[in-house]
Amino acid sequence: LGSNPAHLGLVMRPQEHTIKDTYANITETGYYTVNQISKDFIKKAHYTSAKLPKEHSEFDMMNLEREIKEDFWAPFVTCSFLKIGMELIEVISLPNGCIFIVGEIILAQVPDESVNEKGQIDLTKFDAVGIGGLNTYYRLEKIAEFPYIRNNQIPKFDA
């Protein structure tokens, strides 16, 4: 959503009938984590979306190890190579009942070997996956890189 300060957006399903634990944890504590899924634990990550009773932990049910960092309240997923610690900035109700959560990145951890000389993260280094819809996962593959555009750098395109 922006780079200075660095903000990310997260869309959650409607919470009108029952407040889900993830939403409650974010709004009660003001902190949450974003953990990149890789091919190594894609199935476990998918099943964390189950509607478990409050007393059951997704970490425990899916056998995912927690990583606690001294300087951050919420737990990270140990096997995730890209870990982002977020602070809640704003909760916005959307017209369809969904909720848009705006958070500021206050902590980021990524292995040095996945960062290029420009400071960009190469998601292909660790078999990162993306999701389409609710339950379909895709391999991420870098197909092109272009410069930051200045008007005098626009090439002439043929029709």
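Modeller: The model is a predicted one, and every value here is computed from it.

The protein chain contains three helices and nine strands, which follow the order β-β-α-β-α-α-β-β-β-β-β-β along the sequence. Its C-alpha atoms fill a box of roughly 60 × 35 × 35 Å along the principal axes. Of the 159 residues, 25% are buried. The chain exposes about 11500 Å², with 52% of that area supplied by carbon and sulfur atoms. Among contacts between residues at least 6 apart in sequence, 54% join residues at least 24 apart.

Now the rings themselves. Two rings count as a pair if their centres lie within 6.5 Å, and the count for this model is three aromatic pairs. One of them joins Phe 72 and Phe 76, with the centres 5.5 Å apart and the planes at 45 degrees. Phe 72 and Phe 76 are both buried. These two rings also belong to an aromatic cluster with Tyr 31. Phe 76 has a charged neighbour as well: Lys 69 lies over the face of the Phe 76 ring, at 5.5 Å from the ring centre.

Another pair is made by Phe 81 and Phe 126, whose centres are 4.6 Å apart and whose planes are 20 degrees apart, which puts the pair in the stacked class. Phe 81 lies in the loop between strand E5 (76–77) and strand E6 (83–93), and Phe 126 in the loop between strand E7 (99–109) and strand E8 (129–132), so the pair ties together parts that are 45 residues apart in sequence. The two partners fall in separate burial classes because the cut-off for buried is under 20% relative accessible area: Phe 81, at 8%, is buried, whereas Phe 126, at 25%, is partly exposed.

Asp 127 is found in the loop between E7 and E8, and its phi is near 55 degrees, a positive value in a residue other than glycine. Asp 127 is partly exposed, at 40% relative accessible area. Asn 63 also has a positive phi, near 55 degrees, and is likewise not a glycine. Asn 63 sits in the loop between helix H3 (58–61) and strand E4 (66–67). With a relative accessible area of 60%, Asn 63 is exposed.

The peptide bond from Asn 4 to Pro 5 is cis, with omega near 5 degrees. Pro 5 is in the loop between strand E1 (2–3) and strand E2 (6–12).

To return to the request, the rings to inspect in the viewer are the cluster of Tyr 31, Phe 72 and Phe 76, and the stacked pair of Phe 81 and Phe 126.

Terms used. Residues are numbered from 1 along each chain as its sequence is written. This is a predicted model: local features need pLDDT of at least 70, side-chain atom pairs count only at pLDDT 80 or more; totals for chains, interfaces and linings use all residues. Side-chain values use heavy atoms; hydrogens and water are left out. Rings of Phe, Tyr and Trp (its six-membered ring) pair if their centres lie within 6.5 Å; planes under 30 degrees apart count as stacked, over 60 as edge-to-face and the rest as tilted. Buried means under 20% relative accessible area, exposed over 50%, partly exposed in between (1.4 Å probe, protein chains only). Helices (H or I, at least four residues) and strands (E, at least two) are DSSP runs, numbered from the N terminus. A charge sits over a ring if NZ of Lys or CZ of Arg is within 6 Å of the ring centre and within 35 degrees of the ring normal. Contact means heavy atoms within 4.5 Å. Accessible areas come from the Shrake-Rupley method with a 1.4 Å probe; for residues, only the protein chains shown count as cover.
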